[in-house]
Amino acid sequence: MTALKKPMTLGRPSNAMGDLTLLAQIRPATLDKIEKSVITLYASGESEVAADSVTMQSIAKHANVSLQTLYKYFGDKNTLIYVILDRVLSRLAARMIDHLSGIDSVKDRLRKTLWVMFDFVDHNPDAVLFFSTAIPVSHYQHIAIYENKDLMEAFLQVLSDGQQRGELNQNVSLKTLLDVFMGFITRLGLMHVLRHSAKPMTADFDPLFDILWQAISRHD
């Protein structure tokens with residue numbers, strides 16, 4: 001018989017928010033090494049079983065830092081994962097907001113948003129695998145202190161403006177529109193990486209954007 005996979009148990013981090021204030025004391029170069037190691041280790045497995053085998057010990061060894069250092073600054077593996085997730089998404093949010101600056105057209109803002117996301121996948125395939133293996137989607141909405149509000153608000157602002165201007169579908173809620181938008185991006189991005197596609201996502205940008213626009217724009 002095939003052994004059943006052990007379900008992942010990445011719930012809300014157990015240590016309090018106060019513990020994370022110690023991160024201000026860690027050397028940026030050390031934090032960069034830890035981030036790179038966490039992403040590499042989770043991406044190398046491409047499955048929940050391999051992801052479960054990533055331990056604080058393996059992360060410390062790969063990053064060439066002491067185990068004591070990891071526990072001092074992060075407290076536990078769950079917290080470490082969410083800190084790295086938030087760190088990566090913060091950079092993506094900053095880039096997203098920068099690219100959207102000065103663009104008024106809803107359609108052009110959506111084009112730019114999609115392009116930035118595709119470009120992120122093309123240049124950060126390991127991060128895409130890290131997102132998909134380290135944290136089950138079912139846990140995202142329960143981790144309020146680790147949500148990247150800047151990134152989500154950037155998405156929501158574009159979609160909200162589109163609905164208010166009558167350019168995007170007004171027959172569904174804003175959250176549903178966001179789910180369709182994010183589902184389109186995340187599914188395409190993950191499968192692009194898993195299939196080891198040689199052609200970058202941005203190479204097919206125009207026809208893919210047309211599909212997204214037809215899906216969420218208003219049709220009378």
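**Core.** I started with the largest nonpolar core, which in this predicted model has 64 residues. By nonpolar core I mean a set of buried Ala, Val, Leu, Ile, Met, Phe, Trp, Tyr and Cys residues joined through side-chain atoms within 4.5 Å. Buried is under 20% relative accessible area, exposed is over 50%, and partly exposed is in between, with a 1.4 Å probe and protein chains only. Ile34, Phe74, Leu110 and Phe130 have the most contacts inside this core. Helix H5 gives the most to it, with 12 residues. Helices here are DSSP runs (H or I, at least four residues), numbered from the N terminus.

**Ground rules.** I number residues from 1 along each chain as its sequence is written, and side-chain values use heavy atoms, with hydrogens and water left out. Since the model is predicted, local features need pLDDT of at least 70 and side-chain atom pairs count only at pLDDT 80 or more, while totals for chains, interfaces and linings use all residues.

**Confidence.** Next I checked pLDDT, the predictor's confidence in each residue, from 0 to 100. The chain averages 83, and 82% of its residues reach 70 or more.

Which residues of helix H4 (residues 67–74) are buried? I noted Thr69, Leu70, Tyr73 and Phe74. They sit on the same side of H4, because they cover an arc of only 100 degrees around the axis, taken from the directions from the helix axis to the C-beta atoms. Just after H4, Gly75 takes a positive phi of about 85 degrees.

Helix H7 (residues 125–134) has 7 of its 10 residues buried, so it is largely enclosed by the rest of the structure. The buried ones are Ala127, Val128, Leu129, Phe130, Phe131, Thr133 and Ala134.

**Salt bridges.** How many salt bridges does a search of the whole structure find? I got 8, taking a salt bridge as a side-chain nitrogen of Lys or Arg within 4 Å of a carboxyl oxygen of Asp or Glu. Three of them went into the notebook in detail.

- Asp32 pairs with Arg87, the closest N and O atoms being 2.8 Å apart. The pair links distant parts of the chain, with Asp32 in helix H1 (residues 28–45) and Arg87 in H5 (residues 77–100), 55 residues apart. Asp32 is partly exposed, at 41% relative accessibility.
- Asp104 bridges to Arg165, with the closest N and O atoms 3.0 Å apart. Asp104 is in the loop between H5 and helix H6 (106–123), and Arg165 in the loop between helix H9 (149–164) and helix H10 (174–194), so this bridge ties together parts 61 residues apart in sequence. I have Asp104 as exposed at 53% and Arg165 as partly exposed at 39%.
- Asp161 reaches Arg109, the closest N and O atoms being 2.9 Å apart. This one links H9 to H6, 52 residues apart. Buried or exposed? Asp161 is buried at 13%, and Arg109 is buried at 10%.

**Aromatic pairs.** I found 7 aromatic pairs over the whole structure. Rings of Phe, Tyr and Trp (its six-membered ring) pair if their centres lie within 6.5 Å; planes under 30 degrees apart are stacked, over 60 edge-to-face, the rest tilted.

Phe155 and Phe181 have ring centres 5.6 Å apart and planes at 70 degrees, so I logged them as edge-to-face. Phe155 lies in H9 and Phe181 in H10, so the pair ties together parts 26 residues apart in sequence. Phe155 is buried at 2%, and Phe181 is buried at 1%.

Why does the pair Phe209 and Trp213 count as stacked? Their planes are at 25 degrees, with the centres 6.2 Å apart. Both lie in H11, 4 residues apart, about one turn of the helix. Phe209 is buried at 1% and Trp213 at 13%.

Last entry: ring pairs link Tyr42, Phe120, Phe130 and Phe131 into a cluster. Phe130 had already turned up among the residues with the most contacts inside the core.

Methods. Helix = DSSP H or I, 4+ residues; strand = E, 2+ residues; numbered from the N terminus.
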